[in-house]
Amino acid sequence: MTAAHPLDRPVWSMLTGRQAHLAEGDGRAVRIDRGYGVFGAAPDTGAEALAALAALVPDEGEVWIVEGEPWPVAPGTREVKRAVLAQMVAEGAPPAPRAGEPAIIALGDDDAPEMAALAEHAKPGPWGPKTHRYGPFFGVRENGRLLAMAGQRILVPGMAEVSGVATWEDCRGRGLARALIGHVMREMVARGEQPFLHSYADNAGAIALYESLGFRIRREVHVLAIAK
């Protein structure tokens, strides 16, 4: 299966390209290091590829497939869920910081337990014990508490995905997500990369926020989660 653009098959592009060092499997199918998450991909929907992908599904857990077109359920696995995502790409210069925005700090291994707790609360997407190591993550702290965070995940040629955007419910409405996404975007652009992201297609509020930051919908992509 060929793709006109690496974002048409983001996980395949990720795990056979810039982040191949995180991949398990071989040319028939790959999945990301289980500490990082649940994403997997195969070169096509042929029987050999689907069987290889099924073999990478853990006995306990899931593999998530993200493709431009709906993907079939591999024999020997079951469908857990399907969803449609809006894939959005930033156009133009990233937004400048607003007056009064909170101080933004870099996060690392020492912050991992708090990041995992925030991810469990806010559900920004699949999160594992190594997810914070995808790349730079940033956060806002107040009186020592981590209130919100954002970082990156998928890398493809010339582009980087804004991901892991999460805020505790009692801290929402303060513009923390906007400030953090803007900061992540500026960091990416400074490295010469164009930001992109994914949002559930029915999350109108999130899409409106991303559009206000300069993102535009590129296309829809399809998520399939499978398990044994």
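Student: Which residues line the second largest pocket?

Tutor: Keep in mind that this is a predicted model. The residues to look for are A116, A119, E120, K123, G125, P126, W127 and Y200. Helix α3 (residues 112-122) supplies the largest share of that lining, three residues. By class, you'll find five nonpolar, one polar and two charged residues there. The space inside comes to about 160 Å³.

Student: And how much space lies in the largest pocket?

Tutor: About 770 Å³. Its lining has 35 residues, with K123, P124, V165, N203 and Y210 nearest the centre. Several elements give two or more residues, among them β8 (145-156), α4 (176-190) and α5 (204-212). Strand β9 gives the most, seven residues. Sorted by class, the lining has 20 nonpolar, nine polar and six charged residues.

Student: Now salt bridges. How many are there?

Tutor: To read one, look for a side-chain nitrogen of Lys or Arg within 4 Å of a carboxyl oxygen of Asp or Glu. By that rule the count is 17. Take E114 and R141, whose closest N and O atoms are 2.6 Å apart. E114 sits in helix α3 and R141 in strand β7 (residues 137-142), so this pair ties together parts 27 residues apart in sequence.

Student: Which parts of the chain does the bridge between R219 and E69 link?

Tutor: Distant ones: R219 is in strand β11 (residues 215-227), while E69 is in the loop between β4 and β5 (78-90), 150 residues apart. Their closest N and O atoms are 3.4 Å apart. R219 is partly exposed, at 23% relative accessible area, whereas E69 is exposed, at 53%.

Conventions:
Residues are numbered from 1 along each chain as its sequence is written. This is a predicted model: local features need pLDDT of at least 70, side-chain atom pairs count only at pLDDT 80 or more; totals for chains, interfaces and linings use all residues. Side-chain values use heavy atoms; hydrogens and water are left out. On a 1 Å grid over the protein atoms alone, a cavity is a set of points where a 1.4 Å probe fits but cannot get out, and a pocket is an open set with protein on both sides within 12 Å along at least five of seven lines; lining residues have an atom within 4 Å of a point. Grid points are joined across faces, edges and corners, and a volume is the space filled by probe spheres set on the points. Helices (H or I, at least four residues) and strands (E, at least two) are DSSP runs, numbered from the N terminus. Ala, Val, Leu, Ile, Met, Phe, Trp, Tyr, Cys and Pro count as nonpolar, Asp, Glu, Lys and Arg as charged, and the others, Gly among them, as polar. Buried means under 20% relative accessible area, exposed over 50%, partly exposed in between (1.4 Å probe, protein chains only).
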